[in-house]
Amino acid sequence: LLEPNMAITTFPTVENCTSIGREKQTVVADMDGTLLRGQSSFPYFALIAFEVGGILRLLFLLLASPLAGILYYFVSESAGIQVLIFVTFCGMKISDIEFVARAVLPKFYAADLHPESWRVFSACRRRCVLTSNPRIMVEAFLKDFLGTDLVLGTEVRTYKGRATGLVGKPGVLVGNNKAVALRKAFGETQPEIGLGDRHTDIAFMELCKEGYIVPPKPEVEAITNDKLPKPIVFHDGRLVLKPTPLKALLIILWIPIGFTLACLRVAACSLLPMQLVYHALWALGVRVTVKGNPPTPAKKSSGQFGVLFICSHRTLLDPIFLSVALGHPIPTVTYSISRLSEIISPIKTVRLSRDRATDASMIKKLLEKGDLAICPEGTTCREPFLLRFSAMFAELTDHLVPVAMVNQMSMFHGTTARGWKGMDPFYFFMNPSPAYEVTFLDKLPLELTCSSGKSSYEVANYIQKVIAATLSYECTSFTRKDKYRVLVGNDGTVMEKPRLKANKAM
């Protein structure tokens, strides 16, 4: 859908454009098919449709896509894009669209960045993007992650904080509209470089001193995250895969089946004895891999102090799979959980109050009763990074066992920053064949604990580095507050609600 043939022109290809000596120059580039390898904008409209409007909006968009394609190829490029914009945006809150543009789309855009276009684009001092996509949809990624100075895109009309789905003047930014927008933005100044990929880009490329065509080469490898000016550490949204039309159809067809399967998997975790959960999950298609040598359970009768398992945090299910790996339930401490999660949980959890003295006293009492699990990052991270470890746990016991947790999801993410967290375990288990790998590392030697003179920060940083080395992850100093400020615009503080008597959570 929306994949035009490359314009047959006299413009040279982008491979012939040197990036040396461009430090004081200006570049103007199209987006789909130019800065991005893919020429279709459907997947990004589909992401907004699903994340804001749910499965029904995604279905409507998929049904409308043949009409958009017919209009695009046989009537006008503008008409086809207007159909996508109307079906996707009509009635949506502007704040919801902005959230998806800021927290969801950058991950997918970055994974499709064209290496040759980026080589030229990044070499210039002033960077401008001309795109037919709605400006509200692309501006956050282009400015925050690519260092773009000016974004000229299609404007979407609004009414009382909601998008109408209609396009504002001068219409969809294609063809001559791009040239007009460029003249208005730059006046008599002529940009040095123009990058495009189709015949409708010629109008603005001719206004630049040099013009280069980006040929369609889907086999070209996208640039990696570490080469971006600002690597993507945090992102939100439920979909793992970029929803092309075929994948969007598969997602729609799978959700009823996947939700039924998720309910069975959740029931197996909640109702069966922990010794049987491992085998039940394998029978239901959930792969659980256990590595390393877990310690023997603490014996209450001998007065033995419990072991504190220090886990990396990937989803809310980390302590559940730790318990599955050990074959018996391990209590855990948590900050905030949903009421539904409290009801369906197979293990006991205790809420942290965020008061250091109160939490320390509570954790000590729990360790006197047996083993305990804690995720000192305080929140989940999807990318191969470890957030800063809170150091409080190191002051409470010398019996510390690091645990490296990693999971695999092929269709849905089992975490969310803005959505309803009660659905997190269901989304994880809705994946056709999700996997968890639990790696038990060696118990921390006594000489590396606080009782041997090490500070709590030294102990926490050491464990973070050990787990990161095991997973080949990168250590960061980011915290829960950093994550929520990036994704949601607040510090992640959750108002305390009345708790259930049964302190359980998933």
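1. Helices here are DSSP runs of H or I with at least four residues, strands are runs of E with at least two, and both are numbered from the N terminus. The structure is a predicted model. With that naming, helix 17 gives the most to the lining of the largest pocket, with four residues.

2. The largest pocket has a volume of about 1100 Å³. Its lining comprises 47 residues, and nearest the centre lie Arg 354, Glu 377, Gly 378, Thr 379 and Arg 480. At least two lining residues come from each of helix 12 (318–326), strand 10 (332–334), helix 14 (356–369), helix 16 (456–471) and helix 17 (480–487). By class, the lining of the largest pocket has 19 nonpolar, 16 polar and twelve charged residues.

3. The model also holds four cavities of 30 Å³ or more. The largest cavity contains about 120 Å³ of space. It is lined by 14 residues, with Asp 32, Tyr 72, Ile 81, Ser 132 and Arg 198 closest to its centre. Helix 3 (77–89) and strand 2 (126–134) each contribute at least two residues to this lining. Strand 2 contributes the most, three residues. The lining of the largest cavity is made up of three nonpolar, six polar and five charged residues.

4. The second largest cavity has about 60 Å³ of space. Its lining includes Val 233, Phe 234, His 235 and Asp 236, together with Thr 380, Cys 381 and Arg 382. Thr 415, Thr 416, Ala 417, Lys 483 and Leu 487 also line the second largest cavity. Five of the residues in this lining are nonpolar, four are polar and three are charged.

5. Next, a helix pair. Helix 11 (residues 274–283) packs with helix 12 at an angle of about 100°, and their axes are 7 Å apart. Helix 11 is therefore roughly perpendicular to helix 12, since angles of 65 to 115 degrees count as such. Helix 11 makes the contact through Met 274, Val 277, Tyr 278 and Leu 281, and helix 12 through Phe 321, Ser 323 and Val 324. Six residues of this contact are nonpolar, one is polar and none is charged.

6. Which residues of helix 6 (residues 115–123) are buried? They are Ser 117, Trp 118, Val 120, Phe 121 and Ala 123. The elements that cover these buried residues include strand 1 (26–29), helix 1 (31–35), strand 2, helix 7 (135–146) and strand 6 (193–196).

7. Gly 69 belongs to helix 2 (residues 42–74). Gly 69 counts as buried because its relative accessibility is 10%, and the cut-off for buried is under 20%. Gly 69 and Ser 345 are 276 residues apart along the chain, and their C-alpha atoms are separated by 47 Å.

8. Some backbone details deserve a check. Lys 169 and Pro 170 are joined by a cis peptide bond, with omega about 5°. Pro 170 is in the loop between strand 5 (162–167) and helix 8 (176–186).

9. Lys 160, a residue other than glycine, has a positive phi, near 50°. It sits in the loop between strand 4 (156–159) and strand 5. With a relative accessible area of 71%, Lys 160 is exposed.

10. Ser 472 is not a glycine either, yet its phi is positive, about 60°. Ser 472 lies in the loop between helix 16 and strand 16 (474–475). Is Ser 472 buried or exposed? Ser 472 is exposed, because its relative accessible area is 64% and exposed means over 50%.

Key: Residues numbered from 1 in each chain as written. Predicted model: local features only at pLDDT ≥ 70, side-chain atom pairs only at ≥ 80, totals over all residues. Heavy atoms only, no water. 1 Å grid on protein atoms, 1.4 Å probe; cavity = no way out; pocket = protein on both sides within 12 Å on 5 of 7 lines; lining within 4 Å. Points joined across faces, edges and corners; volume = space filled by probe spheres on them. Nonpolar A, V, L, I, M, F, W, Y, C, P; charged D, E, K, R; others polar. Axes fitted to C-alpha atoms, helices over the stretch in contact; angles between N-to-C directions. Parallel < 35°, antiparallel > 145°, perpendicular 65-115°, else oblique. Contact = heavy atoms within 4.5 Å. Buried < 20%, exposed > 50% of the residue type's maximum accessible area, 1.4 Å probe, protein only.
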